[in-house]
Amino acid sequence: MTDKRDERNSGIDTTRPSIARAYDVVLNGKDNFEVDRAFVAEIVKVVPEIYDVATYNREILGRGVRFLAEQGVTQFIDLGSGLPTVENTHQVAQGANPESRVVYVDNDPMVLAHGRALLAANDRTAVVPSDLRDPAAILADPAVKRLIDLDRPVGVMLVGVLHHLHDDDDPRGIVEAYMAAVPSGSYLFITHFCASTQESRDAEEKYLALLGTGRFRTPEEITAFFDGFELLEPGLVPLPLWRPEGPVPSKLTVGQQLMYGGIAYKH
Ligand code: SAM
């Protein structure tokens, strides 16, 4: 994307990196600016495999949504959904069951412009342009009310986003608020940057300094988000180890350990 494009009235700030656009860089997308690419170049210095990490995250997103669809889940709230890319949640879910309904929530103006265009033809999918840190507002949104029946199981997805919430944002309280609103039979799907290696700690420093967010929590801190729910096999694990569909490496690289993920069930 050319940086000269007129983004002045769109709310898009091209002077600072954005989480969504930086993620687009590592997914080899085109919806990013020089400032986002410069940020990623800094991260590459401490985690050269950061592009692979994004791929692992998209892969577990696909495996996780397929798993939930196999459990009979047909409603998904995808919080911090990101820019449309390949195998988006609604494509995976509706591939398994065409009746599946997906509400995407994101607060990046670029996501909203692209998401709306992608979803224009699909009346079982919507994009809510809001901050996920306000669960009451999200749950009261007309798109959520139209598409999600809170009397039936919901897949609540916080994939690659909780680490962009500071501890002061009360991420546990936010997760609890969403999970309190959905009935028994629902699922919680999380992937998260993990303080697993020295490189991950170095990456955290760069994220916080240059992007303003990026909290690499310990496995114990991430597991605590699932408190009160049944963490399903294989538990909270490095992304490539979560229900792999192919062979897994016997020794994980730094990049393969940079994010952990898991899915829990609400009884
Ligand atoms: N979930 C997708 C995935 O895993 O492929 C995208 C992950 S991307 C790294 C994180 C997304 O969360 C970005 O699109 C960003 O705009 C969004 N995000 C970050 N903080 C948010 C907030 N407080 N409210 C809504 N969206 C947020």
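Helices here are DSSP runs of H or I with at least four residues, strands are DSSP runs of E with at least two, and both are numbered from the N terminus. Residues are numbered from 1 along each chain as its sequence is written. Keep in mind that this is a predicted model: local features need pLDDT of at least 70, side-chain atom pairs count only at pLDDT 80 or more, and totals for chains, interfaces and linings use all residues.

**The chain as a whole**

Let's start with the big picture. The chain has 10 helices and 8 strands. Its radius of gyration (taken over C-alpha atoms) is 18 Å, close to the 18 Å that the globule rule (2.2 Å times the number of residues to the power 0.38) gives for 267 residues, so the chain is as compact as a globular protein of that length. The C-alpha trace spans about 45 × 45 × 35 Å along its principal axes.

How much of the chain is buried? Buried residues make up 44% of the 267 residues. A residue is buried if 20 or more other C-beta atoms lie within 10 Å of its own, exposed if 12 or fewer, and partly exposed in between, with C-beta atoms placed from the backbone. As for contacts (C-beta atoms, placed from the backbone, within 7 Å), take those in the chain with a separation of 6 or more: residues 24 or more positions apart account for 71% of them.

**The core**

In soluble globular proteins, nonpolar side chains tend to be buried together. A nonpolar core is a set of buried Ala, Val, Leu, Ile, Met, Phe, Trp, Tyr and Cys residues joined through C-beta atoms within 7 Å. The largest one here has 71 residues, and Ile77, Val103, Val156, Leu188 and Phe189 have the most contacts inside it. Helix α3 gives the largest share of this core, 8 residues.

Met157 is another residue to look at, and its place is in strand β4. With 28 C-beta neighbours inside 10 Å, Met157 counts as buried. Not counting residues up to four places away in sequence, Met157 touches Phe76, Ile77, Asp78, Leu79, Thr89 and Phe189. The C-alpha atoms of Met157 and Val40 are separated by 25 Å, and these two residues are 117 residues apart along the chain.

An α-helix has 3.6 residues a turn, so residues three or four places apart point the same way. In helix α2 (residues 34–46), the buried residues are Asp36, Phe39, Val40 and Ile43. They cover an arc (of the directions from the helix axis to the C-beta atoms) of only 95 degrees, which puts them on the same side of α2. These buried residues pack against α1, α3 and α9 (198–210). Turned away from that buried side is a face with the exposed residues Glu34, Ala41 and Lys45.

Helix α4 (residues 89–96) has Thr89, His90, Val92 and Ala93 buried. Their arc around the axis is only 165 degrees, which puts them on the same side of α4. What covers them includes α3, β1 (75–79), β2 (101–105), β3 (125–128) and β4.

**Around the ligand**

Which residues come nearest to the ligand? Of the 21 residues around it (C-beta atom, placed from the backbone, within 6 Å), these are Ala20, Gly80, Gly82, Asp108 and Gly160. Helices α1 (19–26) and α3 (50–70) each supply at least two residues of the shell.

Most residues other than glycine have a negative phi, and most peptide bonds are trans.

| Spot | Backbone value | Loop |
|---|---|---|
| Glu233 to Pro234 | cis, omega near 5 degrees | Pro234 between β6 (230–231) and β7 (237–238) |
| Arg243 | phi about 40 degrees | between β7 and β8 (259–265) |

Asp170 counts as partly exposed, with 13 C-beta neighbours inside 10 Å. Arg243 is partly exposed too, with 15 other C-beta atoms within 10 Å.

Pro247 also has its place in the loop between β7 and β8. Is Pro247 buried or exposed? With 7 C-beta neighbours inside 10 Å, Pro247 counts as exposed. The C-alpha atoms of Pro247 and Pro109, 138 residues apart along the chain, are separated by 38 Å.

Definitions and conventions
Two residues are in contact if their C-beta atoms, placed from the backbone, lie within 7 Å.
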